[in-house]
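I opened this entry to keep track of what I looked up, in the order in which I looked it up. The notes are meant for someone who has not seen the structure before.

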Amino acid sequence: MSDQDRLLDHEYDGIQEFDNPLPGWWVYVFWASIIYSGFYWMYYEVGIGPTVHEEYGMEAVAVMDLLAEKYADLEVTEQAIAEKMADSTFMNGMSTIFKKKCATCHHTSGRGDACPNLTDDFWVHGGDLMQIYTTIRDGVAGKEMKSWQAELGPLKMLGMAAYVGTLRGKNVNGGRAPEGIKYDIKIIKPPEITAPPAGTKK
Ligand code: HEC
């Protein structure tokens, strides 16, 4: 076909238009990206791939690992834990660790199954942030709850206490029956654990 053959039959003020096909390479890239998006969607939404939220959490954990040395002799106080509760990036990282290390016994939601419910107002070993930190650090002798000192180190144990702090009083449905003493928890408004801030790339 010559160019003349593909000239469209309309004309505006003497201006005529060609109907040129898109270049071959462009069409291939177009189809390839559509096929790729199918696999991408299957991996992240249906299959084994992490959600954006989980990936963000893993990155937050990686940052914590980088900072671990700096915080080796971190001073843990009620105030320091409370501050972390309000840090949603930090809490995202901690929710990832909680799911990996604590959920087998306390359930992903923290409502407990075979082990205590961390979402109610009742605490066997104390519901203040420092008491929760101490339970995590020292574990409970003779019980399945071990000391997390060696595995998590001070910064992550502090973060974990803060994360458990955000679970307190949520009373997740289907939770294990209350045990211990009722604490009147001065709830420091827990941050919403949400997707990464806008602009975060996959
Ligand atoms: C192998 C099971 C297991 C794992 C894993 C585990 N826990 Fe526990 N946890 C327990 C048991 C059992 C108790 C109750 C101990 C008792 O009866 O006094 C407990 C108690 C607790 C308590 C005290 C609850 C209260 O009422 O005072 C806290 C806080 C806690 N765990 C946090 C965590 C965190 C945070 C992690 C993850 C880093 C974790 N646990 C991992 C079994 C586990």
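I began with the fold and noted six helices and four strands in the chain, where helices (H or I, at least four residues) and strands (E, at least two) are DSSP runs numbered from the N terminus. Read from the N terminus on, the elements run β-β-α-α-α-α-β-α-α-β. I kept in mind that this is a predicted model, in which local features need pLDDT of at least 70 and side-chain atom pairs count only at pLDDT 80 or more, while totals for chains, interfaces and linings use all residues. Residues are numbered from 1 along each chain as its sequence is written, and side-chain values use heavy atoms, with hydrogens and water left out.

Next I looked up burial and found that, of the 202 residues of the chain, 33% count as buried; buried means under 20% relative accessible area, exposed over 50%, and partly exposed in between, with a 1.4 Å probe and protein chains only.

Since His-106 lies in helix H4 and Met-145 in the loop between H5 and H6, the pair ties together parts that are 39 residues apart in sequence. His-106 is buried at 10% relative accessibility, whereas Met-145, at 25%, is partly exposed.

I also checked the cysteines and found zero disulfides in the structure, a disulfide being a pair of cysteine sulfur atoms within 2.5 Å. For Cys-115, the nearest cysteine sulfur is that of Cys-105, 4.1 Å away. Cys-115 counts as buried because its relative accessible area is 10%, and Cys-102 is buried as well, at 12%.

Last, I noted which elements line the largest pocket: helix H4 (88-106), strand S3 (122-123), helix H5 (129-138) and helix H6 (149-167) each supply at least two residues of the lining. H4 gives the most, with six residues.
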